[in-house]
Amino acid sequence: MAAESNSSSSPNLRILVERNPSESQLSELNIKGWPKWGCSPGKYQLKFDAEEICYLVKGKVKAYPKGSSEFVEFGAGDLVTIPKGLSCTWDVSVAVDKYYKFESTSSSSS
């Protein structure tokens, strides 16, 4: 009998959180030129069809990837990278205000 190795959720789809990135890094990314998005406290089912990088101006979130009992927590001042293809539930305890950008799928580098 073979052990089942592939679950419904890919373990390589991980949310990366960088706490308190430097001002120079934020200006290099031109975050203030990105679109803004916000939501009030609550639970949201989200699916990411493209990689998203976001910077939280305010808020507090616990993100529960689908098929996992673990969560990733992030909030105001965090730079977060969410992988393409991830489905998760955001449990928002403090209203979110964030800048965000979707990575284009083209391989051109700037």
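Lys 101 is partly exposed in this predicted model, at a relative accessible area of 29%. You'll find Lys 101 in strand S7, which spans residues 87-102.

**Around Lys 101**
- Beyond its close sequence neighbours (up to four places away), Lys 101 touches Trp 34, Glu 51, Glu 52 and Ile 53.
- Ala 50 sits 51 residues from Lys 101 in sequence, yet their C-alpha atoms are 9.6 Å apart.

**Nonpolar cores**
- The largest nonpolar core has 16 residues, and among the members that touch the most others are Ile 15, Phe 74 and Trp 90.
- Strands S4 (52-65), S6 (78-82) and S7 each give two or more residues to this core, with S7 supplying the largest share, five residues.
- Ile 15 has contacts beyond four places in sequence that include Ala 63, Val 72, Phe 74, Val 80 and Leu 86.
- There's also a second, separate core of seven residues, including Leu 26, Trp 34, Ile 53 and Tyr 55.

**Aromatic rings**
- The count of aromatic pairs is five.
- Trp 37 and Trp 90 make an edge-to-face pair, because their planes are at 80°, with centres 6.3 Å apart.
- That pair links strand S2 (residues 36-39) to S7, across 53 residues.
- Trp 37 is partly exposed at 32%, whereas Trp 90 counts as buried at 1%.
- Phe 48 and Trp 90 are tilted, with planes at 35° and centres 6.5 Å apart.
- Phe 48 lies in the loop between S3 (42-47) and S4, 42 residues from Trp 90, and is buried at 6%.
- Trp 37, Phe 48, Phe 74 and Trp 90 form one aromatic cluster.

Methods: Residues numbered from 1 in each chain as written. Predicted model: local features only at pLDDT ≥ 70, side-chain atom pairs only at ≥ 80, totals over all residues. Heavy atoms only, no water. Helix = DSSP H or I, 4+ residues; strand = E, 2+ residues; numbered from the N terminus. Buried < 20%, exposed > 50% of the residue type's maximum accessible area, 1.4 Å probe, protein only. Contact = heavy atoms within 4.5 Å. Core = buried A, V, L, I, M, F, W, Y, C linked by side-chain atoms within 4.5 Å. Phe/Tyr/Trp six-rings, centres within 6.5 Å; stacked < 30°, edge-to-face > 60°.
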